[in-house]
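Welcome! Please take a moment to look over the sequence and the 3D view before reading on.

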Amino acid sequence: AIDPSISEPSESLQLKFDAEVTTLIENSPANDDLEIGPDGFLYGSDVLDGGSALNGKKIYRFNIVDGSHTVYAEGLNVPIGNAFDSNGNLFVSNFNGASVSKIDNNQQTTSFSTGLSGASGLVIDSSDNIYVALYNSNSIKKISPDGTISDVVSGNGLNGPVGITYDTDENIYVANYNDGKIFKIEKGTSTLTQLTQITGPSVGF
């Protein structure tokens with residue numbers, strides 16, 4: 001998590017590990033977003049379907065103790081972002097499908113929101129509002145629990161936004177895939193502040 005009390009952008013983006021990192025799964029079928037569910041399982045997106053093009057359609061559920069996995073949902077359309085709401089429903093952004101799907105506790109998949117071109121990373125706040133980064137339109141949208149879509153911010157430096165998260169105060173952080181710029185959006189505002197830029201190809205996750 002990002003500590004909002006750290007004032008220096010360079011410090012706020014440092015990751016500090018206090019445990020040994022080990023490989024849980026070799027040759028995992030998941031190759032994009034990972035999310036720990038309320039049940040303690042790890043949920044991962046497959047966006048490639050065994051190839052190199054964006055054709056993936058599945059979400060996998062992994063046992064983090066032994067690494068075993070099963071298909072949790074399928075029939076999606078390049079599921080790039082995953083997040084759980086307070087009721088344990090999994091919401092998934094479909095990059096090629098321009099939509100967000102809802103997978104309930106019975107593993108039933110329904111369409112929750114459409115018209116979201118290039119839907120990428122998403123997060124859900126404590127009030128179950130969804131914030132989704134739209135790669136194609138360089139914008140962030142908010143989807144309320146009743147499905148109402150509203151604008152959070154558009155343009156202003158966003159350039160292929162994909163990575164998205166928030167801190168303990170629910171300020172949002174967004175990363176551009178195309179140029180590596182990372183921004184902060186103050187909670188409840190459309191104020192976009194650039195924190196830093198990470199150089200290199202395709203680093204905005």
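This is a predicted model: local features need pLDDT of at least 70, side-chain atom pairs count only at pLDDT 80 or more; totals for chains, interfaces and linings use all residues.

Residues are numbered from 1 along each chain as its sequence is written, and side-chain values use heavy atoms, with hydrogens and water left out.

- An open sheet is built from four strands in the order 9-10-11-12, with antiparallel pairing. Strands here are DSSP runs (E, at least two residues) numbered from the N terminus, and two of them pair if DSSP finds at least two bridges between them.
- Strand 9 (119-124) and strand 12 (149-154) are the edge strands, each pairing on one side only.
- On average, neighbouring strands of this sheet are turned by 25° against each other, direction ignored; the axes are lines fitted to C-alpha atoms, and angles run from 0 to 180 degrees between N-to-C directions.
- Strand 9 and strand 10 (residues 130-134) run antiparallel and are joined by four bridges. Val123 has Tyr131 in strand 10 as its bridge partner.

- Strand 15 is mostly covered, with four of its five residues buried (buried means under 20% relative accessible area, exposed over 50%, partly exposed in between, with a 1.4 Å probe and protein chains only).

**Nonpolar cores**

- Which residues have the most contacts inside the largest nonpolar core? They are Ile140, Val153, Leu158, Ile164, Val174 and Ile185, in a core of 13 residues. Such a core is a set of buried Ala, Val, Leu, Ile, Met, Phe, Trp, Tyr and Cys residues joined through side-chain atoms within 4.5 Å.
- Strand 10, strand 12, strand 14 (172-176) and strand 15 (181-185) each give two or more residues to this core.
- A second, separate core has 11 residues, including Ala83, Phe91, Ala119 and Val132.
- Val174 touches several residues beyond four places away in sequence, among them Ile140, Leu158, Ile164 and Ile185; contact means heavy atoms within 4.5 Å.

**Two loop asparagines**

- Asn171 sits in the loop between strand 13 (161-166) and strand 14. Is Asn171 buried or exposed? Asn171 counts as buried because its relative accessibility is 7%.
- Setting aside neighbours within four places in sequence, Asn171 is in contact with Thr165, Tyr166, Lys184, Ile185, Glu186 and Lys187.
- Asn178 belongs to the loop between strand 14 and strand 15. With 40% relative accessibility, Asn178 counts as partly exposed.
- The side chain of Asn178 makes a polar contact of 2.9 Å with the side chain of Tyr135, and another of 3.0 Å joins the side chains of Asn178 and Asn159. A polar contact is a pair of N or O atoms within 3.5 Å; within protein, one must be able to donate a hydrogen and the other to accept it, and residues adjacent in sequence count only if both atoms are side-chain atoms.
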